Amino acid sequence: MRNDAPAGPVTADPADLRALAVATLDGNWEHDHTVPSRTLYPHQWSWDSAFIAIGWAHVRPARAWRELASLFRAQWADGRVPHIVFNPSVRVGAYFPGPDHWASALAEGAPAAATSGLIQPPVHALAAWLAYRRDRSEAARAALARLYPRLVAQQRYLAARRDVGGGGLACIVHPWESGLDNSPAWDAPMAAVRVDAALMRAYRRHDTTHADAAHRPTDLDYARYIAIVASYRALRYRDDDLADRHPFLVECPLLNAAMGGAEQALARIAAVVGADPGPHRDRATAITEALVRRLYDPTTGLFHPRDLRTGRLVPARTALGLMPLGLPDLPARAAASVIAEACSARFGLAPRMERPLPSHDRTAPDFEPLRYWRGPSWLNLAWLLRRGLRAHGRPDLAAGLRRSMIGLVARSGCHEYFHPDTGAGLGSPAFGWTAALLLDVLADG
């Protein structure tokens, strides 16, 4: 199915923007899930589906539940939710690395569907709770009850299999698991992955066919990505002995903030489906405490990834460091310092923003306004930060972020990401989570 939703400048009229967003989601719908875009991303992506379900809940609630259900049908026996579920009807070679490269069928506990072996931030419980809060019908409650044990298993996997550092946080084993694929936050840990960029001569990248190569990760980055995948695949995606055998192990602020937020959402879900919310609340508190203890740097006022190979915090100041603000029980001093940093020249948050929120410190020498997660603005990061600002008593800043988000789409359409200075649309047009999260902020003034 082709997506003919316009990608260029549209209008600031809320009704027109809503119509654009709905047309984008309809155009990306694929029988039981929504593809991120019809150009570069022809399969189902994990955290994309969660954000997209939040949008569907506003216009076609049944699709929100089908979106989440289809993703969790591909959950592994150990509880992991794969970051890609491959659509068997898409031609072989349409996306790299494709199902043959991942070879998930060789792994114990993998589903019948071909998937990757990685995960992404667990924003799914939050999405399920928001979808239910929109539509408290009996059908929605039944869908929530079916999903609840799978969401619990997802959390159990992260807590039991990925706490390599032993400090109560989950680690990522690949930059792709963070969702911010080529963030400067990964430069130092990635530099330790020894590989030659010439490795990519054996493969054909599809991302640079659909987007300017200057906007995408470099061939050296991709060579390291593939080398890390090969290491994990050689283990058949097992998580035992990761500390001894895997080259990339990092505790990510965003992933762990999402994990804490998931426990808070699960506490609310548990109360609806007849389970005990207490353990979820306890785990949410423990995760917040571990985040502050292990990833907060009072010198910078931000959270930073911890490289478990060196034991050190990564110094780069990126939007990842703002994401724990989404935890309502974050200590007041840490919340205040994160907000102060967000309002600094590095990120430019304000009640009336002159420029959109960047994904990386715009004053840093390695800030790149065009290259993927190394500077451009993304609606999902702004959406997550907006929730945190509201939770910590800054509705003025949340309102400024909302106006900025709406303004980006009004100027450039539902692009994948945006220029952090001009707001020009970048990446794939007619992008799913941009449309979905636009619907959410339009409905939530």
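Me: Which residues line the second largest cavity?
Reply: This is a predicted model, and in it that cavity is lined by P175, D181, N182, S183, W186, D187, M190, D221, Y225 and R374.

Me: How does that lining split by class?
Reply: Four of the residues in the lining of the second largest cavity are nonpolar, two are polar and four are charged.

Me: And which helices supply at least two residues each to it?
Reply: Helix 7 (187-191) and helix 9 (219-234) do.

Me: OK, how much space is in there?
Reply: About 50 Å³ for the second largest cavity. The count of cavities of 30 Å³ or more comes to two.

Me: Switching to helix packing. At what angle do helix 2 and helix 5 pack?
Reply: Helix 2 (residues 46-59) packs at about 10° to helix 5 (residues 124-134), and their axes are 9 Å apart. Angles under 35 degrees count as roughly parallel, so helix 2 is roughly parallel to helix 5.

Me: Which residues make the contact?
Reply: From helix 2, S46, W47, A50, I54, A57 and H58; from helix 5, H124, A127, L130, A131 and R134. By class, this contact has seven nonpolar, three polar and one charged residues.

Me: What about helix 1 and helix 16, how do they pack?
Reply: Helix 1 (residues 14-28) and helix 16 (residues 432-443) are at an angle of about 145°, with axes 9 Å apart. Helix 1 passes helix 16 in a left-handed crossing.

Me: Who's touching whom there?
Reply: Helix 1 brings residues including L17, R18 and L25, and helix 16 brings residues including A435, L438 and L442. The contact of helix 1 with helix 16 has ten nonpolar, three polar and one charged residues.

How values were computed
Residues numbered from 1 in each chain as written. Predicted model: local features only at pLDDT ≥ 70, side-chain atom pairs only at ≥ 80, totals over all residues. Heavy atoms only, no water. 1 Å grid on protein atoms, 1.4 Å probe; cavity = no way out; pocket = protein on both sides within 12 Å on 5 of 7 lines; lining within 4 Å. Points joined across faces, edges and corners; volume = space filled by probe spheres on them. Helix = DSSP H or I, 4+ residues; strand = E, 2+ residues; numbered from the N terminus. Nonpolar A, V, L, I, M, F, W, Y, C, P; charged D, E, K, R; others polar. Axes fitted to C-alpha atoms, helices over the stretch in contact; angles between N-to-C directions. Left-handed = near helix turned anticlockwise from the far one by under 90°. Contact = heavy atoms within 4.5 Å. Parallel < 35°, antiparallel > 145°, perpendicular 65-115°, else oblique.
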